[in-house]
Each structure stands twice: as structure tokens, then as C-alpha cells.
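Let's walk together through a protein and the molecule it holds. Please have a look at the model below, and then we can start with the ligand and its surroundings.

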Amino acid sequence: MEKECIFCNIVNGKTDTRFVFEDDQLVVFKDINPHAPVHDLIVPRRHIRSINDMTDADQGLVAHMLAVGRDVAREREINASGYKLVFNVEWGGGQRIFHLHMHLLGGWKK
Ligand code: AMP
Ligand code: ZN
């Protein structure tokens with residue numbers, strides 16, 4: 001756990017963030033500043049800085065993040081209309097919190 005990492009603090013229950021879903025590998029919670037009608041963050045419990053720091057051993061974790069994103073999209077009933085699963089990578093890629101996370105964005109009307 002990184003001391004000054006906001007997502008480590010959230011994962012470790014140091015904030016009052018409510019989890020939409022959690023398991024032994026990751027947690028899911030609503031983005032505080034949503035960019036879509038549905039905007040959730042899928043966040044591994046383990047501190048990994050970004051996709052750049054993903055190792056071969058993390059491939060199962062990242063595949064699991066995608067599967068959970070799919071499942072949460074279905075639960076939120078945005079699977080049929082469609083959604084985005086996005087990783088921002090480092091500063092130039094729009095990443096501002098350097099603890100790996102995937103955005104689930106959807107729910108736009110036609
Ligand atoms: P990124 O730009 O990919 O690093 O995304 C970080 C996201 O975390 C942004 O969309 C923020 O709105 C979101 N965020 C920051 N702090 C919190 C928080 N305490 N709870 C929920 N979402 C947060
Ligand atoms: Zn962290």
C-alpha cells in the first residue's frame with residue numbers, strides 16, 4: 001500500500017466510499033466527478049501505478065477487471081445500449097491518479 005495514494009486509502013476502507021462491487025482482487029465504486037450517466041471505476045486492491053507497470057503475472061488481474069466491467073455494465077443495464085472501458089495511461093494519456101484503474105462509462109441516451 002502506498003501511503004499517499006487515494007485509491008489505496010479507498011481500497012483499504014480509510015474513506016467512506018461505498019463499493020458497488022468488491023472481491024478479493026478489486027473494488028468498484030462510482031466516480032466522484034462523473035463524465036457519463038454511469039461512471040464507475042474498477043480498481044485493483046494491489047497498488048500498480050499504471051498499465052505501463054503491468055507484468056505478465058498481472059494479465060489475469062487485468063482480464064478480471066474487464067470481466068467485472070462487463071458484469072457491472074449488465075447490472076447497471078447499460079450493456080445493450082453500450083459502454084466504454086477505458087484505461088488512461090500516464091499523464092499524457094489523461095491519468096491523474098497513479099493507481100491502476102479502469103473507467104466504465106455509459107448510459108447516454110440516443
Ligand atoms: P484518471 O484521470 O484516469 O486518473 O481518473 C481518475 C478518476 O478518479 C477521475 O475520474 C476522478 O473523478 C476520480 N476520483 C478522484 N477521487 C475520487 C474519489 N475520492 N472517489 C471516486 N472517484 C474519484
Ligand atoms: Zn494505490
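Which element gives the most residues to the shell around ligand 1? That is α1, with three residues. Helices (H or I, at least four residues) and strands (E, at least two) are DSSP runs, numbered from the N terminus. The elements that give two or more residues to this shell are α1 (6–11) and β2 (26–30).

A word on the model before we go on. It is predicted, with local features needing pLDDT of at least 70 and side-chain atom pairs counting only at pLDDT 80 or more, while totals for chains, interfaces and linings use all residues. Residues are numbered from 1 along each chain, chains are lettered from A and ligands numbered from 1 in the order in which they are written, and side-chain values use heavy atoms, leaving out hydrogens and water.

Now to the neighbours themselves. Ligand 1 is surrounded by 16 residues (each with a heavy atom within 4 Å of it), and the closest are Asp 31, Gly 94, Arg 96, His 101 and His 103. By type, the shell holds seven nonpolar, six polar and three charged residues. Here Ala, Val, Leu, Ile, Met, Phe, Trp, Tyr, Cys and Pro count as nonpolar, Asp, Glu, Lys and Arg as charged, and the others, Gly among them, as polar.

Some of these neighbours come within polar-contact distance (N or O atoms within 3.5 Å). A polar side-chain atom of His 101 is 2.7 Å from an oxygen atom of ligand 1. The backbone takes part too: a polar backbone atom of Gly 94 lies 2.8 Å from a ligand oxygen, and one of Ile 32 lies 3.1 Å from a ligand nitrogen. Taken alone, ligand 1 exposes 510 Å² (Shrake-Rupley method, 1.4 Å probe), and the protein buries 84% of that.

Finally, what space does ligand 1 take? It is that of the largest pocket, which holds about 360 Å³. Of the 19 residues that line this pocket, the closest to its centre are Phe 7, Asp 31, Ile 32, Leu 41 and Ile 97. A pocket is an open set of points on a 1 Å grid over the protein atoms alone, where a 1.4 Å probe fits, with protein on both sides within 12 Å along at least five of seven lines; lining residues have an atom within 4 Å of a point.

Notes
A polar contact is a pair of N or O atoms within 3.5 Å; within protein, one must be able to donate a hydrogen and the other to accept it, and residues adjacent in sequence count only if both atoms are side-chain atoms. A molecule sits in a cavity or pocket if more than half of its atoms lie within 2 Å of its grid points. Grid points are joined across faces, edges and corners, and a volume is the space filled by probe spheres set on the points.
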